[in-house]
Amino acid sequence: MIDLYFLAILLWRVILYIFFREIKPRGVHNIPKKNTPVIFVAAPHHNQFLDALLLSSEVIRASNRKLSFLTADKSMNRFFIGEMARAMEAIPVKRAADDAKPGIGTIYMKSGQADTKVYGLDTKFTSQLEPKMSISLSNSLGGATAEVLEVISDTELSLKKPLNKDIAVNALLSVGDSHPQQAIKYKVLPFIDQEQMYKSVYDKLKSGGCIGIFPEGGSHDRSDLLPLKAGVTVMALGAMAANPDLQVQIVPVGLSYFHAHKFRSRAVIEFGAPRAVPRDLVNLFNQGGQDKREACKDLLEIIYDGLKSVTVQAPDYETLMVIQAGRRLFKTPGQHLTLGQVVELNRRLIAGYLQYKDDPKIQKIRTRILKYNRMLQDLGIRDHQVEAATRKSWKTLGLLLYRIELLTIWGLLALPGAVLHIPVFFIAKIISHKKAKEALAASTVKIKARDVVGSWKVLVSLALIPLLYMIYVILATYVARTYGEELGLSEFVIKWSPIWALLSLPYLGISALKFGEVGMDVYKSLRPLFVSLLPWNEKELMKVKVMRQDLSNELADIIDEYGPKQMEDFEKMKVLPSDVSQPKVEQSQSPFQWLDEMLFGWSTTKRSTDSQPDSRTDDVGSKEQVNKPPTNVLEEGDFDTVVSFLDTSYHPYNAANIERVRKDEEKAHLERELEVSINNSNESKNRLDKLRNKPTNPDNREHRSEHINFWSDLEKSANEKGKAKDEFPDMQLQRPSARWYDSQDDRAHARDAEPQRKRFRNDKDGDTKLKDTQDPLNIMKEATHELDKRSKVSKPIRNSHKVSKRERREEKERQRARQL
């Protein structure tokens, strides 16, 4: 039987491929194996519906594991969304806010009373409220909520805790008894029993399944994480408390988008190291009461620490813009940053900034970066376009005309599909922005409600495209059968015209998508060319370029200064970890890239491979490259990115060629090792041949090296007498010189030792015996023994029966000499 889950994932994967330009997973090896209960905790929740789809798609791609998300019960009742949620085995969650009802009358608080006392005007608390229910105020007052403890009368009630927003408390106190007309409206929230939801989660984890949850609650578009909800801790601890043999793993997941609300944006999904739920927290959870709350609090801190390791969090939007500008200004030496590395660099820069943000140097460079960003906005260009906007005018004019021609080509290729799909683009944009306004009005945490735009664009397109295709098929069939003969169409084409129209429409859509994307990038690259042609902008452009280079150098110096203070292994951590190996190889170029570089010298591909030395040096004394604008995968309008797909036969950064490049690099490395091994072998053989007085192999003559021979005079003398081979196999001196420890008898014996050597030569063990007789240690021992005999001193030596360390050492030396 076909699994509906996999069919739904397949459908959404196609949709994600169309909506996103690139999806980059990182750390997929951190996903636990099958039959391990896992809770995937994802943040930030920046894309309302697409976040869950993206995470489910990547989990099943990496580990073939199904992921069940907690979905609002209200969404489960929606058309299509509910059906897809059930197919993907989602667990419904009832929310009190979804069933909120307007309260009757208005409420206020008295300044002299407790802050948990609420009074009403024309209210009916006894009929509308009960204990455990909640009251909620409007978003203008922070959306404050509080649980009802006791209903005293129709106009008085007591809260379990004070309202959670000071602005709401102050507003209620300002009304008092003297301004009843200013009393505040409220909403009534029902009490929701989540027992059934928790039971479904426990059963899923007990069976070794996976649960996905966004602990922030609702989606948002803030630069920092929202306060985490404690529900995820109750799920993890409750499941282990209900099943003592269960060990739940929590995997933090970071979702990073680049223009999440825009069509053809980019996304990075990073899986952190799994965290096992501590057993001691489970025991604390079982005790209930305050201990249970402490256990949930401690586990929530563990989850938050995990999310910090995989997310990019900035305290405000301006700081995030400064960090992103700093990341573009900082040139990582020898690295072409992937999406994953960009996220990692942003994370490290934010961590360093938050630690040293009060330092005068950090404050100064922050101010300068903000000024640099304002100058770019005034000129209407982006950071990666600064260098391109400061070229010579004749080159700029030539490149401008060249790219206008390219834009015309891409526009003509994308025109048919774009015209057919333009109703979808306009309607999806209008509806998504309308939904964003509604979400912004109903939320207290959203800034511009961009988190709902991307999701609604996808939903509207899914609804309109089938309807639009049906209309086009009907029109194509009518035209073919009415005017087919006049247009010269064959009977076969006319008969099957609905099929041809239905098959051609998706291809036209894909072609419009790809060619239009390329054309838009070329179009966005034209602006700096126009700006640089204007004569009154030349001075400002040069000023921006100089400022950029100064900022880049200053930022590099600050990182080198503060990096070792923040990280112990700064030099190792300085190189960003690669998602995949991307060796540096010679890049092949498309005809457009070659023409662009040869005629205009403009391409960033050429700039990324050419190194220009600078006066600044690094810590190892090597020249550091000038911090030129890096080729950034995130910037729109990069012309080299535009034309790189035309010739991807051997592009090292193309995902399809990464494995090929890696194998070629391994092959080259093995060839180099083999060559070094052969050279070493030949050199060793030549040395042995030289020592044995053999001629060197002429084939290895180029590897031969001359050595100093200290025995050349002796060898020459021995060869002249013809005795080197027969009489002196060990290259010993024919007549050894006198030694200081030899007696007169020994010296005379040495002169008469020739017959003895001849006798030893004929003996089987003669060589060993000869060496023993000539061993300096033996001769020294005999000489000292003879001296002792002749000595007149007869004083006995203490412990003479014991063997001294010196004698043991000498004995070992003799044994080793015999072995040799």
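Two strands count as paired here if DSSP finds at least two bridges between them. I apply that rule to the sheet described below. The model I am reading is predicted.

**Entry 1. The open sheet.**
I traced an open sheet of seven strands, in the order E5-E11-E8-E9-E10-E7-E6, and found the pairing antiparallel. Strand E5 (101–102) and strand E6 (106–108) stand at the edges with a single partner strand each, so one side of each has no neighbour in the sheet.

I then followed individual pairings. Strand E8 (residues 134–136) pairs with strand E9 (residues 145–153) in the antiparallel sense over three bridges. I noted Glu147 in E9 as the bridge partner of Ser134. Four bridges join E9 to strand E10 (residues 156–159), and these two strands run antiparallel. I recorded Ser158 in E10 as the bridge partner of Glu150. Strand E7 (residues 117–121) also pairs with E10, antiparallel, over three bridges. In that pairing, Lys117 stands opposite Ser158 of E10.

**Entry 2. The whole chain.**
I looked up the totals for the protein chain. Its secondary structure comes to 30 helices and 17 strands. Of its 820 residues, 41% count as buried. The chain exposes about 47800 Å², and carbon and sulfur atoms supply 56% of that area. Taking contacts between residues at least 6 apart in sequence, I find that 71% join residues at least 24 apart.

**Entry 3. A nonpolar surface patch.**
Which residues make the nonpolar surface patch of about 990 Å²? I list Val14, Tyr17, Ile18, Phe263, Ile422, Phe425, Phe426, Ile427, Ile430, Ile431 and Ile510. Helix H1 (4–19) and helix H14 (393–441) each supply at least two residues of the patch. H14 gives the most, with six residues. I checked one of the members, Ile18, which is found in helix H1. Ile18 has a relative accessible area of 32% and is therefore partly exposed, since that class lies between the 20% limit for buried and the 50% limit for exposed.

I placed Thr396 in helix H14. Its relative accessibility is 0%, so Thr396 counts as buried. Thr396 and Leu529 are 133 residues apart in sequence, but their C-alpha atoms are 6.0 Å apart in space.

Ala449 lies in the loop between H14 and H15. I noted that phi of Ala449 is near 60 degrees, a positive value in a residue other than glycine. Ala449 has a relative accessible area of 0% and is therefore buried.

I found Tyr478 in helix H15 (residues 453–483). Is Tyr478 buried or exposed? Tyr478 counts as exposed because its relative accessibility is 52%. The C-alpha atoms of Tyr478 and Ile494, 16 residues apart along the chain, are separated by 9.7 Å.

I then took the span of helix H17 (residues 497–524). H17 has 28 residues and reaches 39 Å from its first C-alpha to its last, close to the 40 Å expected at 1.5 Å a residue. I went through its buried residues, which include Ser497, Ala501, Leu505 and Gly509. Among them I also noted Glu517 and Asp521, as well as Val518 and Val522.

Phe258 lies in strand E13 (residues 249–258). Phe258 counts as buried because its relative accessibility is 12%. I recorded 8.6 Å from C-alpha to C-alpha between Phe258 and Val268, which are 10 residues apart in sequence.

I placed Arg264 in the loop between E13 and strand E14 (265–271). Phi of Arg264 is near 65 degrees, a positive value in a residue other than glycine. With a relative accessible area of 12%, Arg264 is buried.

**Entry 4. A cis peptide bond.**
Which residues does a cis peptide bond join? I found the bond between Ala43 and Pro44, with omega about -10 degrees. Pro44 has its place in the loop between strand E2 (38–43) and helix H2 (50–63).

Definitions and conventions: Residues numbered from 1 in each chain as written. Predicted model: local features only at pLDDT ≥ 70, side-chain atom pairs only at ≥ 80, totals over all residues. Heavy atoms only, no water. Buried < 20%, exposed > 50% of the residue type's maximum accessible area, 1.4 Å probe, protein only. Patch = residues over 30% accessible without salt bridge, like charges linked within 9 Å, V, L, I, M, F, W, Y side chains within 5 Å. Areas by Shrake-Rupley, 256 points an atom, 1.4 Å probe, with all protein chains shown as cover. Salt bridge = Lys/Arg side-chain N within 4 Å of Asp/Glu carboxyl O. Expected span 1.5 Å × (residues − 1). Contact = heavy atoms within 4.5 Å.
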